[in-house]
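Trainee: I would like to learn how to read a few features of a model, one after another. Could we go through them together?

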Amino acid sequence: MKALTISAHGTLDQITLRDDLPEPVVEAPGDVRVRLRAAALNHLDLFVVEGIPGVSITPGWILGGDGMGTVDSVGAAVTGVAVGDRVVINPGISCRECEFCRAGEQPLCVKFRLLGEHRPGTFAEFVVVPAANVRRIPDGVPDDVAAAFTLATLTAWRMLVTRAQLRAGEQVLIQGIGGGVAIAALQIAKSLGATVWVTSRSDAKLARAAALGADVMINSATEDVARAVRARTGKRGVDVVVDSVGGPVWAQSLGALGRRGRLVTCGASAGPVVETDVRRLFWNQWSILGSTMGTDAEFDAIVGELHAGRLLPPVDAVFPLAEGRAAFARLAAAEQFGKVVLAIA
Ligand SMILES: [Zn+2]
């Protein structure tokens with residue numbers, strides 16, 4: 001089968017389209033095989049190409065976590081999904097046996113594995129995954145939108161709904177609007193009835209965010225974000241900050257956070273080591289919340305939103321699988337607004 005692969009870590013030049021890979025087959029009774037129609041890129045895929053400490057790949061490694069397609073083979077024990085079903089895939093795979101899995105907290109699984117990082121990924125004609133990792137989707141949702149949906153929406157849902165517990169009437173600041181998680185966070189925050197502030201260094205991205213319902217736009221290239229938030233809230237600050245940027249942006253996020261504020265993070269694209277003044281942390285009684293991926297229940301919740309026609313992600317660009325390297329370059333340049341998608345079928 002065809003797949004987008006790497007055989008060593010490095011630059012995007014490592015990304016190669018292969019057409020000689022064996023088709024995976026269903027072996028475990030709880031697994032299904034999906035004939036992929038579209039897949040979406042995430043920053044995680046860039047990190048896999050560059051190399052993640054402690055994660056090793058085998059040559060001809062298939063990239064990709066997000067994907068959608070049609071179930072074309074099921075194991076003997078599979079009941080909830082059938083051959084022919086059109087599905088989205090949750091790339092986070094849990095053991096279903098450890099204490100966290102038994103408590104329904106799958107992203108905390110001690111054997112948590114990700115498609116494209118620890119297991120062959122979705123930038124391929126076929127992928128085999130546990131049936132628990134797929135959900136049926138409505139026929140009316142286009143392939144590219146469905147492919148773009150799952151990981152960003154699931155991540156943002158857990159961050160805002162479960163971890164930060166954002167409520168109607170609260171103020172939330174989303175740093176670096178343009179990527180999939182930030183845009184999904186904007187859509188979820190608006191649906192919860194929050195007032196949404198967004199930041200970007202690009203006026204074009206801020207205008208796109210405004211069209212999606214963002215209430216206050218701050219250009220972080222020309223304005224000090226913390227100062228701007230404090231000035232426009234009478235020094236109060238916001239209730240929640242979504243920061244998946246890290247690095248020097250972290251200090252700006254804390255500077256914008258009001259008393260009893262919650263900062264929730266799922267990434268550190270600008271750097272993993274940040275500075276926090278502990279005196280301000282305890283004095284303001286802040287909560288700093290980590291979050292990653294989502295549980296089965298959260299997967300059900302976001303797919304429910306999809307069935308209701310809500311939280312449809314904007315798609316920035318669609319590339320054929322053969323032009324996968326160009327798709328990665330688009331993501332690496334950080335010029336996108338919305339998801340970068342690969343068309344496979
Ligand atoms: Zn587990």
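Trainee: Does Val249 count as buried, partly exposed or exposed, and why?

Mentor: Before answering, note that this is a predicted model, in which local features need pLDDT of at least 70 and side-chain atom pairs count only at pLDDT 80 or more, while totals for chains, interfaces and linings use all residues. Residues are numbered from 1 along each chain as its sequence is written, and side-chain values use heavy atoms, with hydrogens and water left out. Buried means under 20% relative accessible area, exposed over 50%, and partly exposed in between, with a 1.4 Å probe and protein chains only. Val249 counts as partly exposed because its relative accessibility is 22%.

Trainee: Where does Val249 lie, and which residues does Val249 touch?

Mentor: Helices (DSSP runs of H or I, at least four residues) and strands (runs of E, at least two) are numbered from the N terminus, and Val249 belongs to helix α7, residues 249–256. Contact means heavy atoms within 4.5 Å; when residues up to four places away in sequence are not counted, Val249 touches Gln175 and Asp243. Gln175 is 74 residues from Val249 along the chain, and their C-alpha atoms are separated by 8.0 Å.

Trainee: Which residues coordinate the zinc ion, and why is the arrangement tetrahedral?

Mentor: Donors are N, O and S atoms within 2.8 Å of the metal (3.2 Å for Na, K and Ca), and since water is not among the atoms, sites may look incomplete. Here the SG atoms of Cys95, Cys98, Cys101 and Cys109 coordinate the zinc ion at 2.3 to 2.4 Å. Four donors count as tetrahedral if all angles lie between 85 and 135 degrees; the 4 donor atoms around the zinc ion subtend angles of 103 to 116 degrees, and the arrangement is therefore tetrahedral. Along the chain, the donors follow the spacing C-x2-C-x2-C-x7-C. Within this set, Cys98 in the loop between β7 (92–93) and α2 (99–102) is 11 residues from Cys109, in the loop between α2 and β8 (113–114), and both Cys98 and Cys109 are buried.

Trainee: What is the nearest side chain of opposite charge to Lys205?

Mentor: Lys and Arg count as positive and Asp and Glu as negative, with His and the chain ends not counted, and a salt bridge is a side-chain nitrogen of Lys or Arg within 4 Å of a carboxyl oxygen of Asp or Glu. Lys205, in helix α5 (residues 203–211), is buried yet has no salt bridge, and the nearest side chain of opposite charge, Asp316, is 8.0 Å away.

Conventions: Four donors count as tetrahedral if all angles lie between 85 and 135 degrees; four count as square planar and six as octahedral if opposite donors are over 155 degrees apart and all others between 65 and 115; anything else is irregular.
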